[in-house]
Structures are given as C-alpha cells and as structure tokens.
Amino acid sequence: ELSKVKLLEYKKAMVLYGPPGTGKTYTAMELAKQILVRNIKDIGFKDFNALCKSNIKYLQLHVNYSYENFIAGQVIKDGNIVTQEGFIFKLVEAAQKEVDKVNKENERITSENEKVKPKPFVVILDEMNRVEVSRVFGELFTAIEKRGTQVNLTLPDPDDSNKRLTLTIPENIYFIGTMNEIDFSLEQIDFALRRRFIWELADYDSESLLEIIRYRLEKDSNNQYKSRVGDFINCCDGVNETIENHDLLGEKYHIGHAFFAEITEIIKKIVSEKQTEKQIEKNWYNAKNILWQISILPTLDAYCGTMEHSAMEKFIKDCENKYNGN
C-alpha cells in the first residue's frame, strides 16, 4: 500500500477528510514538509525552515471566502472596471518563476542525473467544507487536470481587456485540502472535486492517542500517570464504538483523538509537587471528569441535535458508561 506522501506525489492533489479532532491540519502540514524534503536534497535545518515559510501556503477557508478571493474578480480602479487576480495567481507566479529558473539551469547540464527539480509549492486548503467548493474554486479543477496548459477564464485579462484571463497550474504546485466529514457526505461532493483529488480518511486513531498522551506526559514530567493511559484509551474506544453503532450517527461522528488528548492539559493544571499514589489516582479521576464536562459531553450534545429527548438521554448515558469503563 502506498503511503500518503507517495500518493500525493503521484496525484499532486489530496483531500484529508474525517471527523473533527483527528489531526487533519497537522497531517496536511507534515505532508507538505515531506514533499519539500523529498524533492530537495542537502538542505540545512535553518534553510529548510525558511523554505517551509515561503513554499507552504496555508489558506483558512470560511463562509465568506469567494471566487473573487481565490481566482479573480473585478474592481473599480481609476474609474474603470478592471480584473483583479486572487490568491491562486500569486502562487502560480512564484511557482512558475521557480520552474523557469530551473529549466534555464538544466539547459547547461548534459547529464540527466545531475539535473535539478523545481522546488515544490504546497497549498493547504483548510476546512474546504466551509465553502461552496465548485463556486469558489471554479476553473481550478480543469487547470489541475490540464497542468501546464492554459485554461481560459470568463474575465478579461488585466493587461489586455481584449483577451480573456488564463490560468495555468505548473507541475510543482501541490494541493492538500481538509474537510470535516460531518458537514458533508462523499456522495454529495462535486464530481469534479472527487475525481481530481485523492481522498484519504483521517479517523479517530487509538494508537495516535496513545502516542500523543505519552509524549505530553513525559514532556510535562508527569510520567507517574502513564500507567493509567491504557485503560483511558479503552474508555475512549468505547465511546466511539457507541457513536459508531448508533443508527443516526456512525463512523463519521467519531470524536477525534485530539479531543481526548486534552486530558494532559488538564492534568498539568491540577498536579501538585508531591503526590501519593492516592493523590495521583484522585487527580486522574478529576481530570477525566473535567474533560468529560468541558469537551466530550458538549460534543455529544451537539451530535444529538435531531434526537428525541429520551433517545438522547439514553445515548449520552451509554457513552458516559463507556467513558467511565463500565
């Protein structure tokens, strides 16, 4: 089975989808860094950090984000209506400059093995579910499919009103989108988007939860709580199994491991310097209860929006029992 980064290298466009709190944005950023590392050899740590800042573009999408912001729109300038290019054109310009520079360098190199690749640019489109995808991204889908080929837009060219604006996506631009699965179903997603992106599920993962909690406890010098982590994760698994088996919910309503991992932040706030085994047990119990009240229960309540009251009460109770290890 191919890894996520290899799939991304092949398709150059991927959507990470799944429940909230499953680390989609973090995974997208790590994938972006891996794309840079795999395409650029012998780069120092300091230079790599600088490259990440310049070549990884993060875009937080929201309900008011529009085609005009992303592709292009028209504005009044000096009494005239002119085309104003959006986010994607600034990115294309930088990526194409890199391609042209490398092509020029490679013309002087006779050995194929010594030729260099253009540095990649990676766009993270976070929370794509918050926008009307077809409307915002418009001709981008066609431009992704026909990389290196000009795609005509409906708007006039800002430099020549007699010509139409064109969009060309060079080979060194990668797209990583994230989508919260609760807000959509795959069947409803625009076919243009589904076909041009690889879709990778980012679900609740108990192994990731174990790794996160152990790492944070160690970092915070709270190793005395490590022995309780295994049972806690079994309880978290139980909550998600209850959600998964509910007729009105299912897998896409899993509570992500990031929600459960918040227990380490709560522990950090309530520990004292000297702790007996009894105090450690009490602190863990209190932290678990606080997490339920401030994070898990409100999430479950939100999931129960359309449930009849008695059914909601039973579901919440079932989840609480699992969370408490009953």
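In the predicted model, the buried residues (under 20% relative accessible area, with a 1.4 Å probe and protein chains only) of helix α1, residues 4-11, are Val 5, Leu 7 and Leu 8. Seen down the axis of α1, these residues fall within an arc of 160°, so they line one face of the helix; the arc is that of the directions from the helix axis to the C-beta atoms. The cover over the buried residues of α1 includes β1 (13-18), α2, β8 (173-180) and β9 (198-201). Helices (H or I, at least four residues) and strands (E, at least two) are DSSP runs, numbered from the N terminus. After α1 comes Lys 12, which has a positive phi, near 65°.

Residues are numbered from 1 along each chain as its sequence is written. Because the model is predicted, local features need pLDDT of at least 70 and side-chain atom pairs count only at pLDDT 80 or more, while totals for chains, interfaces and linings use all residues; side-chain values use heavy atoms, without hydrogens and water.

In helix α3 (residues 45-55), the buried residues are Phe 48, Leu 51, Cys 52 and Asn 55. They cover an arc of only 105° around the axis and therefore lie on the same side of α3. Lys 46 and Lys 53, on the face turned away from that buried side, are exposed (over 50%). Among the elements that cover the buried residues of α3 are α2 (24-39), β2 (56-60) and β5 (121-126).

Two packed helices are described by the angle between their axes and the distance between the axes. The axes, which are lines fitted to C-alpha atoms over the stretch in contact, of α9 (residues 206-219) and α12 (residues 263-270) come within 9 Å and cross at roughly 20°. The two helices are therefore roughly parallel, a term for angles under 35 degrees. On the α9 side, the contact (heavy atoms within 4.5 Å) is made by Ile 213, Arg 216 and Leu 217, and on the α12 side by Ile 263, Thr 264 and Glu 265.

Helix α12 also packs with α13 (residues 277-303), their axes coming within 9 Å and crossing at roughly 130°. Ile 263, Ile 266, Ile 267 and Ile 270 of α12 make the contact with residues of α13 including Trp 284, Ala 287, Ile 290, Leu 291 and Ile 294.

Conventions:
Axes fitted to C-alpha atoms, helices over the stretch in contact; angles between N-to-C directions. Parallel < 35°, antiparallel > 145°, perpendicular 65-115°, else oblique.
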